[in-house]
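Please keep the sequence and the 3D view open while you go through the points.

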Amino acid sequence: DRQERPVHTVETGAFFIDITEVTVAQYTAFLNAAGKTSDASGHALLGEDRYAVIEKVAGRWCPKKGRDQHAMVNVTWYCATVYAAWAGKRLPTEVEWEKAARGMDGRKFPWGSEPDESRLRFGQEKVGAVGTLAKGASPYGCLDMSGNAWEWTSSCFRPYPYVSGDGREAADSADRRVARGGSWTGEPHIFTTTYRFRPFPDFAHRYLGFRCVKSAK
């Protein structure tokens, strides 16, 4: 894709990244602890009702039946950012996400250079619990970085080369943000470690989730 060029090298620094995407159970724990459904700026912490994977039962948020260990989807960039801060983490930059997915040897897919649908969740019938396809692991042991759910990053969409100080990591920007990894829906060419999906930060859908990182001290 032309938005993946030019090829260039970026230094990320050391960081820790979650092995799996944030789950529905983890997100409902956050909502119950927060006791509210919007952040300090008024952004909703819940996505579209029609795509909901959680429900309120006896005054508490709960995963819908069978969804507790599924990826938390139907979240905006604002939802993901607030959750990450609550968890003592943050969203990855797109270059951190890419490094975790492809390692140091420039893999096209987390597992290597060839597509293999047995290593990822692609198709409605394959949606399931996170972290259960071990053979799809990245060089660093991260799971579901191809398929399953798109994952929000902290980065605004800007042309390459990536330059962290050019405004693309501005937390207060309303510009499109970058999501990575493809999802259970879509075309196979979006499952690569380099494809850059670019939704607006207030977009939520049943195929869009996230995972978190923490800077190494």
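In which sense do strand β2 and strand β3 pair, and over how many bridges?

1. Strand β2 (residues 54–57) and strand β3 (residues 60–63) pair in the antiparallel sense over 4 bridges, where two strands are said to pair if DSSP finds at least two bridges between them. Within this pairing K56 stands opposite W61 of β3, and in the hairpin of the two strands, which has 2 residues between them, A58 takes a positive phi near 50 degrees. Strands of a sheet pair through backbone hydrogen bonds, either parallel or antiparallel.

2. Before going further, please note that this is a predicted model, in which local features need pLDDT of at least 70 and side-chain atom pairs count only at pLDDT 80 or more, while totals for chains, interfaces and linings use all residues. Residues are numbered from 1 along each chain as its sequence is written, and side-chain values use heavy atoms, with hydrogens and water left out.

3. For the chain as a whole, the secondary structure comes to 3 helices and 7 strands, which follow the pattern β-α-β-β-α-α-β-β-β-β along the sequence; helices (H or I, at least four residues) and strands (E, at least two) are DSSP runs, numbered from the N terminus. The radius of gyration, taken over C-alpha atoms, is 16 Å, close to the 17 Å that the globule rule gives for 217 residues, so the chain is as compact as a globular protein of that length. That rule is 2.2 Å times the number of residues to the power 0.38.

4. Strand β4 (residues 150–156) runs parallel to β6 and is joined to it by 2 bridges, and the bridge partner of W150 in β6 is L208.

5. Y207 lies in the loop between β5 (177–180) and β6 (208–209). Y207 has a relative accessible area of 16% and therefore counts as buried (buried means under 20% relative accessible area, exposed over 50%, partly exposed in between, with a 1.4 Å probe and protein chains only). Not counting residues up to four places away in sequence, Y207 touches V73, A149, W150, S183, W184, T185 and F197, where contact means heavy atoms within 4.5 Å. From Y207 to W184 there are 23 residues in sequence and 6.9 Å in space, C-alpha to C-alpha.

6. By way of contrast, M104, in the loop between α3 (94–102) and β4, counts as exposed because its relative accessibility is 69%. Leaving aside neighbours within four places in sequence, M104 is in contact with K99 and Y140.

7. Finally, the axes of helix α1 (residues 24–34) and helix α2 (residues 77–86) come within 11 Å and cross at roughly 80 degrees, so the two helices are roughly perpendicular to each other. Axes are lines fitted to C-alpha atoms, for helices over the stretch in contact, with angles from 0 to 180 degrees between N-to-C directions; angles under 35 degrees count as roughly parallel, over 145 as roughly antiparallel, 65 to 115 as roughly perpendicular and the rest as oblique. The contact is made by Q26, Y27, A29, F30 and A33 of α1 and by C79, V82, Y83 and W86 of α2.
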